[in-house]
Amino acid sequence: MVRNRTVWATAALMTATLAVAVAPAEAAPATAARAAAACPTGWGSLAETYVTSTATPVTDVRTGRHDCYDRFVVDVPGASASRLGFSVAYVDQLYQDGSGRPIPVGGGAILEVRINAPAYNPETGTPTYPGRPAQPLPGVNLAGYSTFRDARYGGSFEGVTQFGLGVRARLPFRVLRLTDHLVVDVAHTW
C-alpha cells in the first residue's frame, strides 16, 4: 500500500512538472540588469592614452550603431595601427587646442577624442578633413543612437586632431587602434 502511494505521488509530481514545463511562458519585461548581462564589456570610463604619432592625415569620421555600443571611427588611410597615438577622456568642457576657446557639446557627458595625426597635409597645410571647428561633424547624423548625442570638431593643431563626442552619460568606453582607423566604442549601459 505504501509503495502504491509512492508511485502515485511520483506520477502526480511528474505530471505537474511536465504541465509547468510545457505551459507557455510569459515574456518577462526587459530590465537594465538583463541588458547589461547580455552586453558585458569589462570596459571602464578612465582616460586612455597611447603615446605615438603619425604624419598621415585624418580624412574622415563616421559613426555606427551596434547592439551594445555606439561606435566612433576616425579614418587615417595609410597609417599603421602602431603609429596611431591618441588620448580619449571624459572632460567637463571641450576646449579647442591652440585658442583655448570653449566648444559647446550636447549630452550628459563629453568624451574628448584626440588623435595624434593632422587633419591637413603636413607639407602643404591643405585640409584633408572638411570639419569646421566647433561645428557638428560633416556627414555624421546621430538620430536614433542610444548613447551618442552630439559630435563636434575641435580642430587640428600641431599634428593633433581633436573631437568632442557628446554622450548620454559617463558610460564605459574602449579604444581600438587598427590599420587605417582609430575606433572608440561607448557602451549603452554599465
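**Entry 1: the open sheet.** In what order do the five strands of the open sheet come? I read the order as E1-E4-E7-E9-E8, with antiparallel pairing. Strands here are DSSP runs of E of at least two residues, helices are runs of H or I of at least four, and both are numbered from the N terminus. Two strands pair if DSSP finds at least two bridges between them. At the edges I find strand E1 (48-50) and E8, each pairing on one side only. From one strand to the next the twist averages 15°; the axes behind such angles are lines fitted to C-alpha atoms, for helices over the stretch in contact, and angles run from 0 to 180 degrees between N-to-C directions.

**Entry 2: ground rules.** This is a predicted model, where local features need pLDDT of at least 70 and side-chain atom pairs count only at pLDDT 80 or more, while totals for chains, interfaces and linings use all residues. Residues are numbered from 1 along each chain as its sequence is written, and side-chain values use heavy atoms, with hydrogens and water left out.

**Entry 3: confidence and layout.** I checked pLDDT, the predictor's confidence in each residue from 0 to 100. The protein chain has a mean of 86, and 81% of its residues reach 70 or more. Residues 1-33 are below 50, and beyond near neighbours in sequence this stretch has two contacts in the model (contact: heavy atoms within 4.5 Å). I count two helices and 11 strands in the protein chain. Of its 190 residues, 38% are buried; buried means under 20% relative accessible area, exposed over 50%, and partly exposed in between, with a 1.4 Å probe and protein chains only.

Entry 4: Strand E8 (residues 148-157) has seven of its 10 residues buried. Eight bridges join E8 to strand E9 (residues 160-167), and the two run antiparallel. I traced two of the pairs: Phe148 is partnered with Val167 in E9, and Gly155 with Gln162. Two residues sit between the strands of this hairpin, and Glu158 in the turn has a positive phi of about 50°.

**Entry 5: Arg152.** Which strand holds Arg152? It is E8. The Arg152 side chain makes a polar contact with the side chain of Asp150 at 3.1 Å. For that, a pair of N or O atoms must lie within 3.5 Å; within protein, one must be able to donate a hydrogen and the other to accept it, and residues adjacent in sequence count only if both atoms are side-chain atoms. Beyond four places in sequence, Arg152 touches residues including Ile103, Pro136, Leu137 and Phe163.

**Entry 6: the cores.** A nonpolar core is a set of buried Ala, Val, Leu, Ile, Met, Phe, Trp, Tyr and Cys residues joined through side-chain atoms within 4.5 Å. The largest has 33 residues, and Phe72, Val74, Ile115, Leu137, Phe163 and Val186 touch the most other members. E7 gives the most to this core, with four residues. Ile115 is in contact with Val58, Val74, Leu84 and Phe163, among others, leaving aside neighbours within four places in sequence. Another core, of five residues, lies apart and includes Leu94, Ile103, Ile110 and Ala134.

**Entry 7: Asn121.** Is Asn121 buried or partly exposed? Asn121 counts as partly exposed because its relative accessibility is 28%. I find Asn121 in the loop between E7 and E8. From Asn121 to Pro57 is 6.3 Å, C-alpha to C-alpha, though they are 64 residues apart in sequence.
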